[in-house]
Amino acid sequence: MAEDGLSPEIDLSRPSVARMYDYYLHGKDNYQVDRDAADRVARAMPEIGELALENRSFLRRSVRYMARQGIRQFLDIGSGLPTVGNTHEIAHEIIPDARVVYVDSDPVVLVHGRALLATNEFTTVAQADMRRPAEVLDHARRTGLIDFAAPVGVLMIAMTHFLTLEEREGVMAPLREALAPGSHLAATHVTTEGHAAAAVEQIEGAYAATPTPIYFRGRTEIELFFDGFELVDPGLVTIDAWNPEGDEADRPAADVGKWLYGGIGRIG
């Protein structure tokens, strides 16, 4: 994407989490400010590129799992820039008319998502900040694609770790309360466990320059994000250990996934 002629709402003075993630995935929709921040992360976590791919693999396994449980509509919060194996593509492999709403706060995601999905009647993208859950829910309703009276599959892949613990309940409670029984929540979250404090500090420092600082946590604190949900087997585990259906298409790699805990919770 050219850096001239951009919408004035796109801020290139600070790195964007969505564009950094695009860079980790070897995408082209990122700028020097994003690459510089991502490179600082890579110096502390050299396997960040592999980890981003493993995180996407977890997303695909999650979507397949939820679709096979009968979920026909998905709300992907903090979806990031379009890449191979998007939520709607995986869901449509199992349920061709599954409805998907992508939500992200980055205006670049909105522009690219709308261009990609212009002719897809079952999928759309909206711009909203997860820290304002009423806004997220309102946007999802107004698309006409999400019916909160029926089960919804909510994805917050690599998103909960951008919330402080004080923000957690203010964000998660309204989402939880809006969901019908049978709804599922899939989430991943970076962990301090098994990692050097200096590396964690360096990564947190790189993200502190973005509009969305990151917070590493232990498993006990991460599990708080699933309050009100019943974790499905195998529970909250590092993402290299989460593959309940033995999914061969996206079988997790060993070890690299240990930076992230992941799981799916269900509302009974």
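Is Glu169 buried, partly exposed or exposed, and at what relative accessibility? Glu169 comes out as partly exposed, at 32% relative accessibility (buried is under 20% relative accessible area, exposed is over 50%, and partly exposed lies in between, with a 1.4 Å probe and protein chains only). Its salt-bridge partner is Arg168, with N to O at 3.4 Å, and Arg168 is buried at 12%. A salt bridge here puts a side-chain nitrogen of Lys or Arg within 4 Å of a carboxyl oxygen of Asp or Glu. Elsewhere, shared partners tie Arg60, Arg64, Glu93, Asp247 and Asp250 into one salt-bridge network.

The model is predicted, so local features need pLDDT of at least 70 and side-chain atom pairs count only at pLDDT 80 or more, while totals for chains, interfaces and linings use all residues. Residues are numbered from 1 along each chain as its sequence is written, and side-chain values use heavy atoms, leaving out hydrogens and water.

Across the whole structure, the search turns up 18 salt bridges. One of them pairs Arg60 with Asp250 at 2.8 Å, N to O.

Glu135 is partly exposed at 25%, and Arg132 is partly exposed at 46%.
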